[in-house]
Amino acid sequence: PHTITLHLTFLRRTSVGPARFSVRDAKLGKRTSTVHISLTQGSSDARSTAEPSVVGYLTQSNLSTEQGISLPTPWTLHPPPPPRPSFFHSLKPGTADDDDDDGDKNWMLSPPSHPQFRKAAHRVKSYLPRNGQLEPGMADEWICFAQQPGEKFTQESLGFVADQFPQIVEMYPGTAVAADTTARGNPQGGIEDAEEEEKKNEKKKEKPNWYPTVLLNLEVKKCLPPEGAEWLFVRVRAKKIENGRMDLEVVVLDEGGALVAVSNHVCLILGAERNMTRGGGTGEEEEEEGSEKTSKL
C-alpha cells in the first residue's frame with residue numbers, strides 16, 4: 001500500500017485544468033510491484049493521442065511488513081543543522097496567522113519568496129535558521145502545513161514535501177532575487193530583513209526565476225505515524241550549478257531525526273517569463289499544479 005520509489009520525467013509544462021492519468025502494470029510481485037503512469041493534458045477525449053506531459057514509474061510495497069537484514073551506517077547530516085526548534089509545542093501548526101516564533105533562538109519564520117508566482121509556498125510555513133544557512137548551495141528548513149488547522153503530513157504528501165524547499169539560487173548574493181532570502185550582514189541566506197527586501201524588490205520590478213524540474217527521483221525510507229506528522233525537517237543541497245542547470249539532493253527527516261525520504265532532482269534555471277500560460281495567465285499556477293500532481297502520485 002506504500003510508494004517506496006518514484007521516478008518522474010517532466011516532458012512538457014502542465015497547466016491548471018483537467019488532466020488524465022493513465023496507469024499500466026509493469027510488474028506485479030509478492031514484495032514489490034511497479035506501475036507505469038503518465039499525465040496528459042489537452043483533451044478530455046479518452047481516445048486522444050495528445051502527448052504526455054509527465055511520465056514515471058512507481059514501485060509499491062508494504063513498509064509496515066518489510067523484513068530483511070538491517071545494519072547501522074555512520075551516515076549523518078554534515079554539517080549538522082542548528083538545534084531542533086523549541087517551538088514545536090508552543091506554536092499551533094496549521095494556523096495561517098500565528099507567526100509568533102520569537103521564542104526560538106535558532107529558527108525563524110520565512111515569508112514565501114515571490115508568493116505571487118509560487119502559490120504552492122502558501123501551503124506551508126517554512127522556518128529557516130535565524131543566523132543564516134550554514135553554507136552556500138545548501139538550505140535547511142522545518143515546515144508545517146499553514147492553511148488547515150491540524151493538517152499533518154502523510155505518506156501521500158511526501159512528494160510535495162520533497163518538492164517544497166528554499167530556492168538555492170536565490171540565496172546567492174548578486175542574483176536577481178537574492179535579496180528575498182539574504183539577511184543584512186549575512187550573505188549565506190539569513191532572512192532577518194526578508195519582508196523589507198521583498199518590498200524593495202517589488203519596487204525594482206525584479207523578475208523571479210523559474211526552476212522547471214527535468215527529472216525527479218524519490219525514495220521513501222519509513223512510514224510516518226498513522227495520524228501523520230505535524231513537522232518535518234528538509235535539507236536541500238546542490239553539488240553543481242552551471243550553465244542554467246543544477247542538481248538538487250533533498251533529505252527529509254522527522255521530528256526525532258529519523259530519515260523519512262531522500263530525493264534527487266535535475267532542474268533548469270530560467271526566467272519566470274518562460275512559464276507564462278498559453279491562455280494569457282501567469283506561470284505561478286503551473287508551478288503549483290506540477291508540485292501538487294507530484295504529491296498525489
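The model is predicted. The protein chain contains three helices and 14 strands. Of its 297 residues, 47% are buried. Among contacts with a separation of 6 or more, 67% involve residues 24 or more positions apart.

Strands E2 (residues 20–27) and E3 (residues 33–40) pair in the antiparallel sense. Seven bridges connect E2 and E3. Lys-27 has Thr-34 in E3 as its bridge partner.

Five aromatic pairs are found in the whole structure. Trp-142 and Phe-233 form an edge-to-face pair, because their planes meet at 65° with the ring centres 5.4 Å apart. Trp-142 belongs to strand E7 (residues 138–145) and Phe-233 to strand E10 (residues 232–237), so this pair ties together parts 91 residues apart in sequence. Trp-142 counts as buried, with a relative accessibility of 4%. Phe-233 also counts as buried, at 2%.

A stacked pair is formed by Phe-145 and Phe-160. Their ring centres are 6.5 Å apart, with 15° between the planes. Phe-145 lies in strand E7 and Phe-160 in helix H1 (residues 158–161), 15 residues apart. Both Phe-145 and Phe-160 are buried. The charged end of Arg-123 sits over the Phe-160 ring, at 5.1 Å from the ring centre.

Trp-142 and Phe-233 also belong to a cluster with Trp-107, linked by ring pairs.

Conventions
Residues numbered from 1 in each chain as written. Predicted model: local features only at pLDDT ≥ 70, side-chain atom pairs only at ≥ 80, totals over all residues. Heavy atoms only, no water. Helix = DSSP H or I, 4+ residues; strand = E, 2+ residues; numbered from the N terminus. Buried < 20%, exposed > 50% of the residue type's maximum accessible area, 1.4 Å probe, protein only. Contact = heavy atoms within 4.5 Å. Pairing = 2+ DSSP bridges. Phe/Tyr/Trp six-rings, centres within 6.5 Å; stacked < 30°, edge-to-face > 60°. Lys NZ or Arg CZ within 6 Å of the ring centre and 35° of its normal.
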